[in-house]
Amino acid sequence: MNNDEIYMQRCLQLAGLGTGFVAPNPLVGAVLIHEDCIIGEGYHKLYGEPHAEVNCIKAVREEDKHLITAATLYVSLEPCVHHGKTPPCTDLIIAQQIKKTVIGCRDPFVKVDGKGIEKLMNAGIDVTVGILENECKTINKRFFTFHTKQRPYIILKWAQTTNSKIAISDERLYITNEFTNRLVHKWRSGEAGILVGTNTALLDNPELTNRLWCGKSPVRLVLDKDLRLPISLKIFDQQHRTIIFNTIKHAEDGKVLYYRVNKDLSFVQQILNACFKENIQSILVEGGAQLLQSFINEGMWDEARIITNKTLYTENGLAAPQLSAHRFYKSEAVFTDAIDYYFNNKFSL
């Protein structure tokens, strides 16, 4: 790796520290370099708080502030140019008289989308774009998918026995071990929404929260077409925002939103359209089998994570969904469980 790539890699390391805390904003890291020494670094830590560039410049020690005008700023995503919850980072860069800025990739958000680069260049700043571009896009695959495809990034997840069964008809089947359970909660902390169907909610009575990892819980999303679910279930506890997709009514009850959908149209597409309107940038689809298969059949998924308990076998049970048009990414073992990761063949940023 050359120096530009090394410093951009550091930006990506920093950006990742904001996972689970900055959505719907993107993950961004920044470093300020003077004569091959880092004099400041920062990342976007929390939604609504200062961006990476601001934290990076603030981190410069008082005795080094005179070096800022001769330094190069590296940032993993194009600096913002609009007024949102914070002022434009481009204005700060210009005000600090930084002579050179190296940017990982362009921001697809319509209010930025090249405008930040243009403003910096018009101010006489030397701008380089495209250092580790694929890596910079990948770390923000949810953000890019949301703004370029107008839908959430979709992750399918299920656990299965060694003979590919995911449930027993009339009782809950516990498949994963306690270490994998904790990992799944870590996954939840990084996604904006978590989706299940009616039968999963009835049989498992899940909380659909992030209890075993730090970070926020996702918005609970439930497909209950005929409103069969009793309000005694944990998803109705008013502790977290919950959206019930149904064909009966559109109403709000505290933190529970009943979102009406059309029974004659694709439920998958309507859920995705609703999540786009609600600014939910990613969904972890956790079941059941019919709901998961519906996403697969419509080609509406980006990533799949399949957990297989290598020691558990059951004669009777519900067959696991069947992936199509996929490519294997990696596999990892967590004691009795093996986790296989896949991407949709059509996945691109």
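The legends below describe close-up views of a predicted model of one protein chain.

**View 1. Overall dimensions and make-up of the chain.** In this predicted model, the secondary structure comprises 10 helices and 17 strands, and the C-alpha atoms occupy a box of roughly 70 × 45 × 35 Å along the principal axes. Buried residues account for 51% of the 349 residues, and, of the contacts between residues at least 6 apart in sequence, 67% join residues at least 24 apart.

**View 2. Surface and charged side chains.** The accessible surface of the chain amounts to about 16,400 Å², with 49% of this area belonging to carbon and sulfur atoms. The chain carries 40 positive and 39 negative side chains, and the centres of these two sets are separated by 4 Å.

**View 3. The largest nonpolar core.** This core holds 37 residues, among which M8, V31, L32, L73, Y74 and I98 touch the most other members. Elements giving two or more residues to the core include the helices α1 (3-16), α2 (52-58), α4 (115-122) and α6 (141-149), together with the strands β1 (29-34), β2 (37-43), β3 (72-77) and β4 (100-105). The largest share, 5 residues, is supplied by α1. In soluble globular proteins, nonpolar side chains tend to be buried together.

View 4. Leaving aside residues up to four places away in sequence, M8 touches Y74, V75, S76, V102, I103, G104, I131, L132 and C136.

**View 5. Two cis peptide bonds.** The peptide bond from A23 to P24 is cis, its omega being near 10°, and P24 is placed in the loop between α1 and β1. The bond from G287 to G288 is likewise cis, with omega near 10°, and G288 lies in the loop between β13 (282-287) and α10 (289-297).

View 6. L227, a residue other than glycine, has a positive phi near 50° and sits in the loop between β9 (219-223) and β10 (242-246). Because its relative accessibility is 26%, L227 counts as partly exposed. A325 also has a positive phi, about 50°, although it is not a glycine, and its place is in the loop between β15 (318-319) and β16 (326-334). With a relative accessible area of 42%, A325 is partly exposed.

Terms used:
Residues numbered from 1 in each chain as written. Predicted model: local features only at pLDDT ≥ 70, side-chain atom pairs only at ≥ 80, totals over all residues. Heavy atoms only, no water. Helix = DSSP H or I, 4+ residues; strand = E, 2+ residues; numbered from the N terminus. Buried < 20%, exposed > 50% of the residue type's maximum accessible area, 1.4 Å probe, protein only. Contact = heavy atoms within 4.5 Å. Areas by Shrake-Rupley, 256 points an atom, 1.4 Å probe, with all protein chains shown as cover. Lys, Arg positive; Asp, Glu negative; His and termini not counted. Charge placed at Lys NZ, Arg CZ, Asp CG, Glu CD. Core = buried A, V, L, I, M, F, W, Y, C linked by side-chain atoms within 4.5 Å.
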